[in-house]
Structure formats: structure tokens, C-alpha cells
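Colleague: I have just opened this one for the first time. Could you walk me through it, feature by feature?

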Amino acid sequence: MTLLLGCIADDFTGATDLAGMLVRAGMRTVQMIGVPETPVPPDVDAVVIALKSRTTPADDAVRESLAALKWLQAAGCHQVYFKYCSTFDSTDAGNIGPVTDALMRALNTRFTIACPAFPENKRTIFKGYLFVGDVLLSESGMRDHPLTPMKDANLVRVLQRQTDRKVGLISHDTVRSGPNAIVSRMDSLRSEGIEIAIVDATSNEDLMRIGAACTGLPLVTAGSGIALGLPQNFRKTGLLKQEATADQLSFPQGLRAVISGSCSVATQAQVADYIDEGRPAFAVDPLRLAAGADVVGEALEWATPLLRDATPLIYATASPDSVKMVQTQLGAERAGALVEQTLSAIAQGLVERGVRQLVVAGGETSGAVVAALGVKGLHIGPQIDPGVPWTMSLGEPSLALALKSGNFGTVDFFTKAWRNLP
Ligand code: ADP
């Protein structure tokens, strides 16, 4: 068993996004939650280790990333991929620069690229400037991000403020000329003492060219886009099989349920659509939780007789006004934690009652549910909607899980997901 690509992602949904891209490109991929304590599962081409290191102090991010690297090296992986957000979310203190530095040092390499481009999602780079849709990063909503406000769109400058290594640029005219031109540009940058190159990319073709040029690099740092271009390298050397059947998993059979703790606009519409269709739904009221009511018991008692013939939805999803009212009374953090604990306990109860196929809406909610169920890793399966694949948990009992972050998915997601489960 050879692990081809070992990835370190700086957050959970980013890890899922990358894993989905790799599967799409034909690599059998597992996403591990945190630095794994168990060996690599069999029949896997790529592992994505999901950390929470995007906005933690740089020292912590470095420590965690190096621990992840150690595990990947022990697994004998051929190439390492550091995945960050396609909007290059970071501050002058890090964490993209410090983590890249530490990984380069540990891998004993003097050159890597940095390319957050993801043209399908309208993140393109030209002359080192990152565009979000039609505007510069610094003119996009990211300029007001609460944790990582991006006020400079020039990635060479942004990254240079985070590292002592010299940062350079591989510009679009070089990229357009193909992999050989990119490799010779890498060589000339190296001879100028440049150790990290921002790379322009405006299309999937560019990502394929850049991917091909990265074949000899021990470390690649990027958004999820470049993942499209790497599997071809492993195919060429015969390490990866030709067929693209990476998403074929044998999902467990069993009862079904939906849990929703997301209050995002898309999820609100999905919950409303499910109820409008006349399907069974149970609302969790945070104020009753705070008053000590046994909502977990009530929800399970309600759901149990329905499970055989229907797919019950248990939701805390509410309108902005209602959330605001709850947060004013309980505090945002307490309300969030109460709801997450409750939905996690309900998920545990449902699994005890034979549920083996579960849709969960909400990034934080998914994290809490997965932790409560003791899930340490996920095989990545077929895509339901962009950014949301079906997954199959490692360990026992095996569960089919669709973990949807807030604004993902079409309005009929809670019914469509089941139609897409093989
Ligand atoms: P998203 O992916 O949409 O951001 P998350 O699960 O990450 O969803 O975050 C939603 C947060 O809101 C969670 O902490 C959840 O517990 C909390 N929450 C859910 N429903 C309510 C509610 N009715 N009132 C207050 N907070 C809520």
C-alpha cells in the first residue's frame, strides 16, 4: 500500500472540499479528523488531515501541522499538500507563511508554490493579484472578515509579510506556455534565491499545467484547485490506476434521519422545503433547553416510531430574528453550545436506534455530531452538490454521513441527498 498524496488542511470544510476534488480526479481519499492515532486505512491513495489551524496562534498551527506531517511521513507519502482557503485567509501573523516555512524546513526543501486559485469558484490569480469574482480580494466581502480581513489583493506582498523566505511570482504568460515553461521558471526563481512562488491561474487548464509542473516538489501549498492537477502525475508514473472509480464505496444500509443546526439562509430554505413537502420534522427550542427540559428524550421518543417508514428531520434552524432573540437571552456562545450538545446527543440516540444514514446541516454542528459519534475519519464518496459529498465513516458502526456546511446545497437537499446515495 502506497500513500501517494498526504494533505494537511487548515479547517474541516476545507478538508472536505479538497478530499472531494481528489476523489473527482480519481484518487481514493480519506479525510481524518485531527492528527490520526491509527494507521492509514487500506486501499487509499490520498489522506487529508483536517486541522483547525486557520485562525489559531501561529505557534499552535505550526505544532499541529508538523504533527500531521510526521504521521504522513510515517505512512510513506510521496508528496505533501498544505491546503488553505481559496481567499488566502490569513493575517500578517500567519498562518500560511509560518506553516509553509515549518513544513519546508521539516521536508528539507528549498522551493514550493503558493496557489489558492479555484477558477470554478471564481477565485483567479493574475499578476499575483487574487480576484474573487470580478473584484480584487481587497474589494470583496473578505475585506471585512471578522478574523482574517484581507485588505491587500497582492499575494506576493501578503505572503512576504508572513515569512522570511523570499516570495516571487510565476506569472500567467509562463503558466499559459505549459508545464516545461513553469518548471524552467521555478529553476530561475530558485537561482535568484526565491523559495516560494505565487502562481497565476485563471482556468482549470492552468491548474492542470501547474499540477504537471509540481511533479518533483516535495511540498505543494494551495487551495483545493491545484488538487485537480496532481493525480495525473501519479498516473503517468503508474502509481495510480487509470480508472476513475475512486468514489465507489459500499455504504452501510439502515434507518435514515436528518439533523440541522445551521441557521444559514440556504439551510432555512431547505428545512422549510422539507416541511412543506409534508415530511416529519421536530423543532428544538433553545429556550426550553436552557430551562432544563428533556428535549433529547422528547425528540427520540417522537422520532423512533417514524424511522421505519420515513426520514425524520430534527432541527434547531431558525430565522435571524429568532436566533437574535435567543442569543440576547442566553448569550450566543451558550445558545450555540446548548444546541450543538443537544443535536449531538440526539444523533447518538438515533444511531443506537439503528440509524446508519445521516444528513447533518451546519459546519459547527457537523463537527459536534461527528465528535459525539466518535468518528475519526471519513472515506469520501460521490458528490451530492458542489462541496458536499456522501462520506462513509471509518470504524464501527459504519455510517453514511452527508455533512453540509451552512450555505451549500440546493433547496431540496434533504430529499435529494438520499437519491444520490448509491
Ligand atoms: P453554518 O454552517 O450554517 O454556519 P453551524 O452549525 O456552523 O452552521 O453554526 C450554527 C450555530 O448556531 C451552531 O453553533 C448552532 O448550535 C447554533 N444554533 C442553531 N440553531 C440555533 C438557534 N435556534 N438559536 C441560537 N443558536 C442556534
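**Reading the features one by one**

Modeller: Gladly! Let us begin with one side chain: that of Asn 95 reaches the backbone oxygen of Ser 53 at 2.8 Å. Please keep in mind throughout that this is a predicted model.

Colleague: Where is Asn 95 found?

Modeller: Look for the loop between strand 4 (79-83) and helix 3 (96-107); Asn 95 has its place there.

Colleague: Is Asn 95 buried or exposed?

Modeller: The general idea is to compare the relative accessible area with a cut-off: buried means under 20%. Asn 95 has 6% relative accessibility, so Asn 95 counts as buried.

Colleague: And which residues does Asn 95 touch, leaving out those up to four places away in sequence?

Modeller: Ser 53, Arg 54, Thr 55, Thr 56, Pro 57, Ala 58 and Ala 61 are touched by Asn 95, and so are Ser 90 and Gln 162.

Colleague: How do I read the peptide bond from Gly 94 to Asn 95?

Modeller: Look at the angle omega. For the bond from Gly 94 to Asn 95, omega is near 5°, and the bond is cis. Glu 396 and Pro 397 are also joined by a cis peptide bond, with omega about -10°. Pro 397 belongs to the loop between strand 17 (388-393) and strand 18 (400-404).

Colleague: Let us turn to a strand. Where is Thr 29, and which residues does Thr 29 touch beyond four places away in sequence?

Modeller: Thr 29 is part of strand 2, which covers residues 29-33. Its relative accessibility is 3%, so Thr 29 counts as buried. Beyond four places away in sequence, Thr 29 touches Ala 19, Leu 22, Val 23, Ala 46, Val 48, Leu 378, His 379 and Ile 380. A polar atom of its side chain also lies 2.9 Å from the backbone oxygen of Met 27.

Colleague: How do I read a helix, say helix 7?

Modeller: Ask which residues are buried, then ask what covers them. In helix 7 (residues 204-213), the buried residues are Asp 206, Leu 207, Ile 210, Gly 211, Ala 212 and Ala 213. Their cover includes strand 5, helix 5 (172-176), helix 6 (179-191), strand 10 (194-199) and helix 8 (231-236).

Colleague: Which atoms should I look at around the ligand?

Modeller: Follow the N and O atoms. An N or O atom in the side chain of Ser 262 is 2.6 Å from an oxygen atom of the ligand. A nitrogen atom of the ligand lies 2.9 Å from a backbone N or O atom of Ala 316. For the side chain of Glu 340, an N or O atom is 2.5 Å from an oxygen atom of the ligand. Taken alone, the ligand exposes 570 Å², and the protein buries 83% of that.

Colleague: Can we finish with Leu 421?

Modeller: Of course. Leu 421 is in the segment after helix 15 (413-419), and at 10% relative accessibility Leu 421 counts as buried. Leu 421 and Trp 390 are 31 residues apart in sequence, and their C-alpha atoms are 7.1 Å apart in space. Not counting residues up to four places away in sequence, Leu 421 touches Phe 251, Arg 256, Gln 357, Trp 390 and Ala 400.

Note on methods
Residues numbered from 1 in each chain as written. Predicted model: local features only at pLDDT ≥ 70, side-chain atom pairs only at ≥ 80, totals over all residues. Heavy atoms only, no water. Helix = DSSP H or I, 4+ residues; strand = E, 2+ residues; numbered from the N terminus. Buried < 20%, exposed > 50% of the residue type's maximum accessible area, 1.4 Å probe, protein only. Polar contact = N/O pair within 3.5 Å; in protein donor to acceptor, adjacent residues only side chain to side chain. Contact = heavy atoms within 4.5 Å. Areas by Shrake-Rupley, 256 points an atom, 1.4 Å probe, with all protein chains shown as cover.
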